[in-house]
Amino acid sequence: MSRTTHCEEHDAIVIGAGISGLYQLYRLRELGLRVRVFEAGSDVGGTWYWNRYPGARFDSESYSYGFSFSGELLQEWEWSEHFSPQPETLRYVNFVADKFDLRRDIRFGTRIVRASWDEAALAWEVEAEDGHCARARWLITAVGPLSVPQLPGIEGMADFRGPSFHTSDWPREPLELAGRRVGVIGTGATAVQLIPVVAETAGHLTVFQRSPNWCAPLHNAPIDAGTQARIKAGYDAIFARCRASHGGFIHDADRRKAMEVSAEEREAFYEKLYGEPGFGIWMGNFRDTFVDEAANRTISDFMARKIRERVRDPETAEKLVPKDHGFGTRRVPMETGYYETYNRDNVRLVDLNEAPIERITPDGVLTSGGEHPLDILVYATGFDAVTGGFDRIDIRGRHGQSLKEKWADGPKTLLGIQISGFPNMFTLVGPHNASSFCNIPRCSEQNVEWVADCIRHMRERGVNRMEASEAAEAEWTEHVHESASRMLYTKVDSWFMGVNPNRADKSRRIFLLYGAGAPLYREKCEASAANGYEGFELA
Ligand code: NA7
């Protein structure tokens, strides 16, 4: 990269001031490094900074989500609900930033657009949209797995007269919904949180659904004083439980297989899970639910019955029952009164399979079945998942190799944390990393600590350069795909599989996550470190 302007010098650069980037800053500072974090937003929070739509909240139990590294922080902070709403979570992240004085090393309003490795200087140079330049030996990306909003390419979008926006761009100024006709396109996890809340205030709500999802009740509730005290006294046990589980949640698979028990027992077990808060029905189900189609069919049938019971109009209920994939093979949206929303007089479900969208008009959405007049149009159309945050930065490694080109046929990494050809760059919660399929803070803390230990190791031994070997990278990539191949979610289209209907390359279908579980992932990371960072070349 040629440059004429002044360039700041640091030891490490972190891109992103969300949950992972903030903790990385804290850890690297502890090592005595000069660290600079660059953040596109005007404040800390990442996901919780951007996603301010009504109804946004955790699907993780609040007390399993917060940072675990500071006992003092754990005792000081009080979550008010079992599944924290976004405003409270954003307050929490701000509280952490203030408590540890993190803001002084963060440059806000700075979107990094280029990063290139300088082999002669053994340093990364990054450049922001505003031309700001910085150099450092280490580059750590904390760009988030769901940070690049995807708007659909529907004709006429620019013509719509009223407010229209993606859910992650929900207006910061108050938006009056009362008496207005609102349209929501999409029925993923975001829409399922949003729709019941909007329906309560909007004059009329039209939901445009292309594919229904299997949604499960969240059962949120306030945390009472007694529970609060038990939570505070029990953090060690909570984190130990998360650590032992496949996905870093307090829920972990039941040891039985679905067909090992009688139909009555199975039904009773599903009822119990359905009545309990959180992801238990997804993460705590029979252990073969997501590898065995017959097992999966039993829970899918149960969930379908629940939808039919809860939605009064049988035709609408049928539209809400997924037919093309089994329960839990895509991300399970967690709901609060979602299905009952369709019993309201002011809500209408439009099935886009029956009547596809033809165009957006100045006054609404035109489908083949007619025009739906709207005052406000919300795109709950998801994100360019996992690799999107990397693709929008022009990252150049050794010999100017472009990361986007290297990953054109899918990500290749070692442990989802480093990439051959891109020395001294670490990818927190990146593709093929267990963190992207996890209760994120639980797994990203592991990523951050592994990176900090690795940098400490390099400095102590005078190592200036570390790069994943090509052979180890190929082996890891093979392991990622091989270990996921049995899983039913690799047979279904979703953002897990990098299927993004709004991308130019619609045909791409590659598993982006790591499906063999956080404990095995952690073991593999620890083994590499214990063997002098096996698989990496240190110089
Ligand atoms: P998702 O889960 O990717 O959902 C996006 C939704 O938008 C989904 O229902 C899509 O239908 C729909 N969509 C996308 N493009 C279109 C077009 N062009 N027309 C109609 N419908 C469309 O994103 P979310 O934001 O809900 O959730 C993302 C993650 O955030 C979530 O998993 C949590 O982990 C947090 P499709 O299924 O493609 O037919």
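How far is an oxygen atom of the ligand from an N or O atom in the side chain of S211? The distance is 2.4 Å.

What I present today is a predicted model, in which local features need pLDDT of at least 70 and side-chain atom pairs count only at pLDDT 80 or more, while totals for chains, interfaces and linings use all residues. Residues are numbered from 1 along each chain as its sequence is written, and side-chain values use heavy atoms, with hydrogens and water left out.

Let me begin with the ligand. It is surrounded by 20 residues, counted when one of their heavy atoms lies within 4 Å of it. The closest are T187, T190, R210, S211 and R330. A polar side-chain atom of R331 is placed 3.0 Å from a ligand oxygen atom. For A380, a backbone N or O atom lies 3.2 Å from an oxygen atom of the ligand.

I turn now to the domains. The assignment, which is automatic or from a database, gives domain 1 as 7-44 + 102-148 + 385-538 and domain 2 as 185-379. Their C-alpha centres are 31 Å apart. Contact, meaning heavy atoms within 4.5 Å, joins 21 residues of domain 1 to 21 residues of domain 2.

How much area is buried between domain 1 and domain 2? The value is about 1600 Å², and carbon and sulfur atoms give 63% of it; this is the accessible area (1.4 Å probe) that the two parts lose on being put together, summed over both. Helix α18, residues 518-530, gives the most to the side of domain 1 that touches domain 2, with four residues; helices here are DSSP runs of H or I with at least four residues, and strands are runs of E with at least two.

R135 belongs to strand β6 (residues 133-141) and D118 to strand β4 (residues 112-118), so the pair ties together parts 17 residues apart in sequence.

Definitions and conventions. A polar contact is a pair of N or O atoms within 3.5 Å; within protein, one must be able to donate a hydrogen and the other to accept it, and residues adjacent in sequence count only if both atoms are side-chain atoms.
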